[in-house]
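Keep the structure open while you read.

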Amino acid sequence: MTQDNKEWLLSLRTKIDGIDADIQSLISQRAEIANEVAQSKSKAETGGIYYRPEREAQVLREVKARNDGPLKDETLVRLFREIMSACLAQQKPLNIAYLGPEGTFSEMATYKFFGHSVKAMPEASIDQVFAEVEAGVADFGVVPVENSTEGAVNNTLDMFLSSPLKICGELDLPIHHHLMSQCKNLSDVKVVYSHRQSLAQCRAWLKNNAPHVETVSVSSNAAAARKASYSDHAAAIAGESAAAMYGLEILYSEIEDRADNATRFLMIGKQVLNSSGQDKTSLMVSAEDEAGVLFHLLKPLNDCGVSMTRIESRPSKQGRWDYVFFIDLVGHVEDENIAKAMRQMERFTKHLKVLGSYPQSV
């Protein structure tokens, strides 16, 4: 390297050092102001609530809107989420219950929702996640609600039949499955462990590449990796982090049958949120079993110009062949067109429950 090149490189490093110092100073200023905001909220009539999902969504959208490169939107959103997470944790780290154990996609979704400056609490079941939030042990919970390949997570939907909790956010998480094992070759594998949803999402790959292998469903992908780590003839289908956590070698990467495979996660809590400007509203509706009832429920949405993104039916648990509908709409419950449509829908329902209005996935 010539002397000129050395001097040029030194000048660039000096500039980076100066920028780093400016960034650190600005982050410190932000943390001080965030602390003042939290103290103000604790004194106001907010019940001490200092985390507002709708406000965070607005901030992250502004980050994307300002971005002119060269870093990707996703990269900047991740950086700013971690800054906000650290600033919030000055008062008290949020307690977040999620469907465990450690190493699951639910844990990954938790950190994508809240950043790493939280206390993540792995729970054994979706029911337990709801219970911890309802009891106030956890501030929020994170649960899967649907997969783009295999559809609804029924246990999550069923919990809303009786739970008073609200949906406070959503996250679309790309899901990539990896085959991992203590074995060096697939020919040595006799059994593959994974969650039943993951096995279903990799059904074609397993049929084409491992027809001789037995598949066994377990409670989670992390549990599958743990079982495989104790065996010299087993493999697991799980996320990349599980391989590192349990000392397994990835034999094949991204074996999901669809490259666009994704799971939608919900943030659940007790808050009723204000509009963030780009929201969804989820409803749970029950109606009498009579001809045309679904048409009458959905017609007001069309008449009022409300976009419906999803509808699912589930047994109501109230009687044989009695069902409820879960409906997702684009917009906030306080938007004029949604409020009008709901008033018209109520004429044909036995019960209409707003599960939450919350920011769309950023």
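## Salt bridges and helices

R314 and D158 are both buried, where buried means under 20% relative accessible area, exposed over 50%, and partly exposed in between (1.4 Å probe, protein chains only). Before going on, note that this is a predicted model, where local features need pLDDT of at least 70, side-chain atom pairs count only at pLDDT 80 or more, and totals for chains, interfaces and linings use all residues. Residues are numbered from 1 along each chain as its sequence is written, and side-chain values use heavy atoms, leaving out hydrogens and water.

So what do R314 and D158 do with their side chains? They meet in a salt bridge, 2.8 Å from N to O; the term stands for a side-chain nitrogen of Lys or Arg within 4 Å of a carboxyl oxygen of Asp or Glu. R314 sits in strand β13 (residues 308–315) and D158 in helix α6 (residues 154–159), so the pair ties together parts 156 residues apart in sequence. Helices (H or I, at least four residues) and strands (E, at least two) are DSSP runs, numbered from the N terminus.

| Pair | N to O distance |
|---|---|
| R314 and D158 | 2.8 Å |
| E170 and R264 | 2.8 Å |
| K184 and E249 | 3.1 Å |

E170 and R264 meet in a salt bridge. Since E170 is in strand β5 (residues 166–174) and R264 in strand β11 (residues 262–269), this pair ties together parts 94 residues apart in sequence. E170 counts as buried because its relative accessibility is 7%, and R264 is buried too, with a relative accessible area of 5%.

K184 has E249 as its salt-bridge partner. K184 lies in the loop between β6 (178–181) and β7 (191–195) and E249 in strand β10 (residues 249–252), so they tie together parts 65 residues apart in sequence. K184 counts as exposed at 59% relative accessibility, while E249, at 36%, counts as partly exposed.

How many salt bridges does a search of the whole structure find? It finds 16. A network of them links E146, E170, R264, K280, R310, E312 and D328.

Now for the helices. Helix α2 (residues 53–66) and helix α3 (residues 73–88) pack at about 145°, with their axes 9 Å apart; axes are lines fitted to C-alpha atoms over the stretch in contact, and angles run from 0 to 180 degrees between N-to-C directions. The contact (heavy atoms within 4.5 Å) includes V59 and L60 of α2 and L76 and F80 of α3.
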